[in-house]
Amino acid sequence: MLSFKTVSNVTKRYRHLVRYQQIIGIIFKYGFENIIDAMKIDHYLDKIVFSKPHEKLSRNQRIRMVLEELGPTFIKMGQVLSSRPDLIPLDLIRELAKLQDKVPSFSFEQVRQIILSEFGKPISEVFHSFDGSPFASASIGQVHRAELSPNEPVAVKVQRPGIRKIVEVDLEIIHYLAQVMEKNLEEMAIFRPVKIVEEFARSLEKELDYTVEAANMEQMAEQFAKTPSIHIPELHRSHSTQRVLCMEFIRGIKADDIDAIDRAGLDRKKITRLGADFIMRQVFEFGFFHADPHPGNIFILEDMRICVIDFGMTGFVDLATRELFIDLLQALASKNSQDTARLVCRLAEANGQVNMATLEKDISQFSAVYLSRKLKEILPSRMIQQFLELCTRHGLKIPPDLFLMIKAFISIEAVARKLDPEFDMLGHARPYVRAAALRKYSVHRLSREFTRLARDIFALLQTLPSDTSQIITQIKQGEIKVSIKIEGMERLMMTQDQTSNRISFAIIIAALILGSAIVLNSRIPPIIFGVSIIGIAGFIAAAVLGLWLLVAIIRRGRL
């Protein structure tokens, strides 16, 4: 597991200190010197002078460029964060989605060493043949063509040498910077940078373990085993490890290569429908889905099958969340803003108290703009983007996997529109939504839920007598104490005490007045000008105390 070491110890070593200086320097270079100053880490910039050629670019553009220049770990972090609306703003997500790996390939000799390390034997004994030149390269690894036996081509993904160590060093530094940032910058603290780094570390750990991607491939293959129009590359487990992934070599046309598809005489409209079916079944039927279905990961085979590769990024939405999402879609379609607002709040995480009246009003306006038109006239990606922005304005954050699912839908929709501009994605989704809603009340589902409920009730009844007996015994022995706390009780008691004190004070004043009147009437000495001095003093004291009580009551708004 990737871990964060104590950076104060790490940076004592020269190679870490140099990397630390590189990171701070690049942040400074792209115009974030205010962050450097506020974090009090400018001492790492000694004797370094940078030009600032990017001052006219937006803040989000500069953030993307910082990540690209800092290398594989930071590029991967940006790509992961581009699917986390619960952690960063939507406008930054759109910019980070443009991040691209620009990493040179590593040598064939290094590939040989990795194969030897993973399998304990030279590459010639593991593969029948192996092409030393990679045909694809990214931040984590690169892909080579090879053969397991004559005429059995495979694609072999090999992890970049030393990438885990590079990632660990970068993560240690990023984690430290996040801690300093959260401590010193109030405007950054609200984004919880430490949590962002920790979430990224967990995500990256999965990508550095190719056995996770292998398991994703197998699960997807199982889901579509009986669907002839979908092909998932065959995984070769015997030739796959934590750092090497071996799968069937795919010969096909990329989904966005329109000219090649037309030259091959393939039906673009049919391909579009098959691709849409692929994402619909993942989203509404299985819940487990390919989270990065961009055109480079989708191939069209010569027999019109859709083939998807690269399962490093997948998502899963559980049944309860899927059903809530379907209920939300139905509420939106029926223009029921009250139900829509309630369901959005159940699906999303709220930053604070949500103003339901305002949310319902905004949803009603959203429905009026988009749902009063024909489905063919609606651009789904734009509509979804607007709805996500609506949620953000109200402090509602969409769960990461649900957002990934929405992103996957948007990616497929973009490919579909390129293949067939007249394709109606929302109309195509309608029967899937309806079928998913009906499954909620199917005989099989109700039977399963009833069986589960009966099992839970039976288990409760089995333990109920012994649990009840134990509670009664504890009550008899005085081991159970009930503590009741009523919200606002302390304030109520304080108010009651103040009221009691004032009543008592009023009684004392009344007694003073009554006593003084008796003293005056009885002419109790000492007497001056025929009036008892004690009686007069009592009346004066009662007047002063009464005036003080009146002022106190008025100040507290109790009059």
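A salt bridge here is a side-chain nitrogen of Lys or Arg within 4 Å of a carboxyl oxygen of Asp or Glu. Keep that in mind as we walk through this predicted model.

**Stop 1: helix H4**

Select Arg 64 and Glu 68 and show their side chains: they meet in a salt bridge, 3.4 Å from N to O. Both belong to helix H4 (residues 59-70), and because they are 4 residues apart there, about one helical turn separates them. Now colour by accessibility. Arg 64 is buried, at 16% relative accessible area, while Glu 68 is partly exposed at 22%.

**Stop 2: helix H16**

Move on to Asp 339 and Arg 342, whose closest N and O atoms are 3.5 Å apart in another salt bridge. This pair sits in helix H16 (residues 337-347), 3 residues apart and so separated by about one helical turn. Asp 339 is partly exposed at 28% relative accessibility, and Arg 342 is partly exposed at 38%.

**Stop 3: a link across the sequence**

Next, pick Lys 269 and Glu 422, a salt bridge with its closest N and O atoms 3.9 Å apart. Lys 269 is in helix H14 and Glu 422 is in the loop between helix H19 (400-419) and helix H20 (425-439), so the pair ties together parts 153 residues apart in sequence. Glu 422 is exposed at 61%; Lys 269, at 40%, is partly exposed.

**Stop 4**

Zoom in on Ile 253 to find its bridge partner in E9, Ile 300; E7 and E9 run antiparallel, joined by 2 bridges.

**Stop 5: strand E6**

Select residues 244-248. This is strand E6, largely enclosed by the rest of the structure because 4 of its 5 residues are buried. Strand E4 (residues 152-159) runs antiparallel to E6, with 5 bridges between them. Val 154 stands opposite Glu 248 in E6.

**Last stop: a surface patch**

Finish with Leu 453, Ile 457, Leu 461 and Leu 464, which make a nonpolar surface patch of about 360 Å² accessible area together. Ile 457 lies in helix H21 (residues 443-476) and is partly exposed, at 42% relative accessibility.

Definitions and conventions:
Residues numbered from 1 in each chain as written. Predicted model: local features only at pLDDT ≥ 70, side-chain atom pairs only at ≥ 80, totals over all residues. Heavy atoms only, no water. Patch = residues over 30% accessible without salt bridge, like charges linked within 9 Å, V, L, I, M, F, W, Y side chains within 5 Å. Areas by Shrake-Rupley, 256 points an atom, 1.4 Å probe, with all protein chains shown as cover. Buried < 20%, exposed > 50% of the residue type's maximum accessible area, 1.4 Å probe, protein only. Pairing = 2+ DSSP bridges.
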